[in-house]
Amino acid sequence: MNGLYDEVKIALHAVWRQRWLALAVAWGVALLGWLIIALIPNSYESVARVQVQNQSMLTDAVGISAGDQQGDIDRVRSALLSVTNLQKVVLATDLMDTAGTDAAMAENIGMVRQAVTVKALPDNLFEISARIGGGGRSDASNARLARQVVQQLVEIFASENVAGSQAEAGATLTFLNQELARRAQQLSEAEQKRVAFQQKYMGLLPGVGSFEQRAEQARVELNQIDSELIAARSALSAMSGQMAGTPATIAAPNYGGSGVPIGGARGRIAALEAQLSDAAARGWTDQHPDVIAARAQIARLRPDAAREAAGGGGAGSMPNPAYASLRSMQADRQATVSALASRRAQLQADMAAFTSKQASEPGVAAEQDRLNRGYDVLKAQYDKLLQDREQIQLRSDVSTKTDAVRVQVMDPPSAPQVPAAPKRPLLLIGILIVALGAGIGVAFAKGQLTSTYPTAAKLAAATGLPVLGAVSEVVTPAQAVLRRKYLMRFAGGVGGLFACFLLLMAIEFIQRGMVA
């Protein structure tokens with residue numbers, strides 16, 4: 001610990017021996033640094049905060065979206081620093097006095113673009129700031145100009161949300177109307193081509209759709225007709241077989257003097273056969289209980305009917321009602337079979353004609369597919385454009401008529417009173433500290449380069465010889481007076497350095513007071 005203490009004392013002694021050099025270096029560094037700081041012009045910054053509220057009661061009530069409102073805000077922020085808007089700023093501020101020529105106007109626009117900053121903050125807040133300095137203007141003029149620039153930018157920011165949205169919506173609607181008119185013309189031409197094609201080729205087969213779809217419909221219908229025709233022919237054959245076993249006439253009964261019919265067995269047989277005809281018309285089979293019972297009764301009555309015929313009980317014959325009913329049913333089923341056969345022949349002829357047409361013109365199906373695809377694409381594009389136009393029209397109405405995007409100034413442009421840059425007081429203090437450090441450092445380095453030995457131990461270590469003793473310095477009264485005079489001069493030099501620092505600080509605050 002004692003060794004460290006001795007080293008510190010030796011270092012301080014070396015610096016003290018070179019104190020005049022340290023003072024000169026400190027003065028040189030301080031003056032140079034303060035001069036550089038003095039040449040830096042003051043920049044004054046004005047800041048404003050704007051909130052963009054993108055809510056609309058109408059959009060929430062009817063579900064109409066006002067569009068990509070965040071995208072609209074970003075668009076306005078990007079357009080805020082356009083040449084047109086910055087030119088408006090220049091003409092509305094003190095810069096107008098120096099914008100007499102195109103070159104001067106371009107220079108001022110470039111200066112404003114570099115000075116302005118737009119930052120996006122949370123909660124849809126935007127911070128618009130402008131930092132302006134130099135330009136041969138006074139500090140008060142720069143402070144006033146910074147506030148004017150921010151004020152104009154805030155006004156432009158608010159107006160761009162309305163005018164910019166209206167202009168963009170109008171241009172978009174104009175473009176969509178032109179595209180709709182062009183697509184409507186193309187759609188009409190495609191429709192005419194389809195109609196002409198259908199009139200030429202599509203009348204061969206019934207139904208709607210493409211060739212393949214119509215052919216498939218015809219095949220399905222033909223298969224269905226074949227099935228119905230088979231069923232109708234089977235029913236007609238069954239009806240013909242039943243008629244073959246039914247007599248066309250039956251014996252007419254005789255009536256005695258009492259009016260009671262003679263030969264009633266044959267009459268009952270005719271009635272039962274009529275019942276069997278009705279049952280067959282209803283679709284009853286031979287295993288139906290009523291059919292079985294009727295046939296059994298007919299079998300029992302036939303011997304009686306035979307005896308009545310042998311005994312001469314019949315006076316004549318009459319048409320069989322059952323046979324007449326079966327005859328009528330046979331005619332209906334014959335008509336059904338004929339109609340189905342005619343329809344089947346027509347479909348077969350149409351399909352044969354279609355097959356022949358397709359074989360002679362193999363590109364017809366491909367042409368139809370091409371026409372259908374072109375028409376479908378044009379129709380889809382037309383419907384999409386029509387929907388987009390209506391949506392954009394609604395968005396435009398919502399955004400321009402219901403304040404869907406409102407701009408509210410939260411913090412108006414500030415009137416700067418203190419320079420935003422440079423931080424002159426801090427720089428002055430920093431230069432003073434650096435100057436003192438540079439002086440001490442140079443003095444210490446100079447002391448290390450000199451061949452002096454402040455202690456006997458240092459001399460013994462350097463020479464390797466034992467040191468027998470040390471002689472203290474004897475200061476005479478005249479030397480003491482002279483040293484005191486030099487010390488006062490040194491203290492005056494150090495005091496002058498601090499006094500210069502305080503003077504520069506006072507000047508800085510006086511200038512700030514003049515701006516305020």
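In this predicted model, helix α2 (residues 19–39) and helix α13 (residues 424–449) cross at roughly 155°, and their axes come within 7 Å. With the crossing angle over 145°, α2 counts as roughly antiparallel to α13. As for handedness, α2 passes α13 in a right-handed crossing.

Helices α5 and α6 are another packed pair. Here α5 (residues 83–91) meets α6 (residues 102–115) at an angle of about 100°, and the axes sit 9 Å apart. That angle falls between 65 and 115 degrees, so the two helices are roughly perpendicular to each other. On the α5 side, the contact is built from Val83, Leu86, Gln87, Val89, Val90 and Leu91. Helix α6 answers with Met105, Asn108, Ile109, Val112 and Arg113. Sorted by type, the residues of this contact come out as 8 nonpolar, 2 polar and 1 charged.

Then there is the sheet. Strands pair through backbone hydrogen bonds, in either a parallel or an antiparallel fashion. In this case the pairing is antiparallel, in an open sheet of 4 strands ordered β2-β3-β1-β7. Strands β2 (116–121) and β7 (406–411) lie at the edges, each pairing on one side only. On average, and ignoring direction, neighbouring strands of the sheet are turned by 25° against each other. One of the residues involved is Val116, whose bridge partner in β3 is Ala130.

Methods:
Residues numbered from 1 in each chain as written. Predicted model: local features only at pLDDT ≥ 70, side-chain atom pairs only at ≥ 80, totals over all residues. Heavy atoms only, no water. Axes fitted to C-alpha atoms, helices over the stretch in contact; angles between N-to-C directions. Parallel < 35°, antiparallel > 145°, perpendicular 65-115°, else oblique. Contact = heavy atoms within 4.5 Å. Nonpolar A, V, L, I, M, F, W, Y, C, P; charged D, E, K, R; others polar. Left-handed = near helix turned anticlockwise from the far one by under 90°. Pairing = 2+ DSSP bridges.
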